[in-house]
Amino acid sequence: MWVFSLFRSKILELEIFSKMIVHHLKILPEYYAAIVSNEKRFELRKNDRSFQVGDFLLLLEFDIATQRPTERWIKAEVVYHLEGERVSDYGLKKGYCCMSLNVIAHGNSYSELSDGFSPQFSKGG
């Protein structure tokens, strides 16, 4: 009986992991530092990715002077999402959102990242 229970819990874990959404986003060094030091617990972004509560953000520090990633990263969960439907809602421009973050981990090398969180870069983000 316990074997079936263990098997069932592993299947549920796989289902949850397969539904996990990880957004890979660039972040400037000053904002990276503010999040790591717990001064900044939110992220304001254009909502072109349909961010939702429960999504994960992989914030990848990007040095604008060198136009290269630094390999420093932050893994965070979106715990609250606020979006303006109309232009004047909450002072947010239409199409933008403010997300409250729960920082899970941060590091200095991509080699420290676990499965599902490998860096991916795109022109946006």
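**Val79**

I started with Val79, which lies in strand S4 (residues 68–83); strands here are DSSP runs of E with at least two residues, helices are runs of H or I with at least four, and both are numbered from the N terminus. I am working with a predicted model, where local features need pLDDT of at least 70, side-chain atom pairs count only at pLDDT 80 or more, and totals for chains, interfaces and linings use all residues. Residues are numbered from 1 along each chain as its sequence is written, and side-chain values use heavy atoms, with hydrogens and water left out.

Leaving out residues up to four places away in sequence, Val79 touches Val53, Ser100, Leu101 and Asn102, where contact means heavy atoms within 4.5 Å. I also looked up Gly54: its C-alpha atom is 6.2 Å from that of Val79, though 25 residues separate the two along the chain.

**Two positive phi values**

Most residues other than glycine have a negative phi, and I noted two residues that go the other way. Glu71, also in strand S4, has a phi near 80 degrees. Glu71 counts as partly exposed because its relative accessibility is 34%. Asn38 has a positive phi of about 70 degrees and is found in the loop between helix H2 (29–36) and S2. At 44% relative accessibility, Asn38 counts as partly exposed.

**The whole chain and its sheet**

I then stepped back to the protein chain, which has two helices and five strands, in the pattern α-β-α-β-β-β-β along the sequence. Of its 125 residues, 30% count as buried. Among contacts between residues at least 6 apart in sequence, 66% join residues at least 24 apart.

In what order do the five strands lie in the sheet? I read S1-S3-S4-S5-S2, an open sheet with mixed pairing; two strands pair if DSSP finds at least two bridges between them. S1 and S2 are the edge strands, each pairing on one side only. Neighbouring strands are turned by 40 degrees against each other on average, direction ignored; the axes are lines fitted to C-alpha atoms, for helices over the stretch in contact, and angles run from 0 to 180 degrees between N-to-C directions.

S1 pairs with strand S3 (residues 56–63) in the parallel sense over six bridges, and Val22 has Phe56 in S3 as its bridge partner. S1 is mostly covered, with five of its six residues buried.

**The largest pocket**

On a 1 Å grid over the protein atoms alone, a pocket is an open set of points where a 1.4 Å probe fits, with protein on both sides within 12 Å along at least five of seven lines, and lining residues have an atom within 4 Å of a point.

The lining includes Lys26, Ile27, Tyr31, Phe42, Arg45 and Phe62. Strands S1 (22–27) and S2 (42–46) are the elements that give two or more residues to it, and S2 has the largest share, four residues.

Definitions and conventions. Buried means under 20% relative accessible area, exposed over 50%, partly exposed in between (1.4 Å probe, protein chains only).
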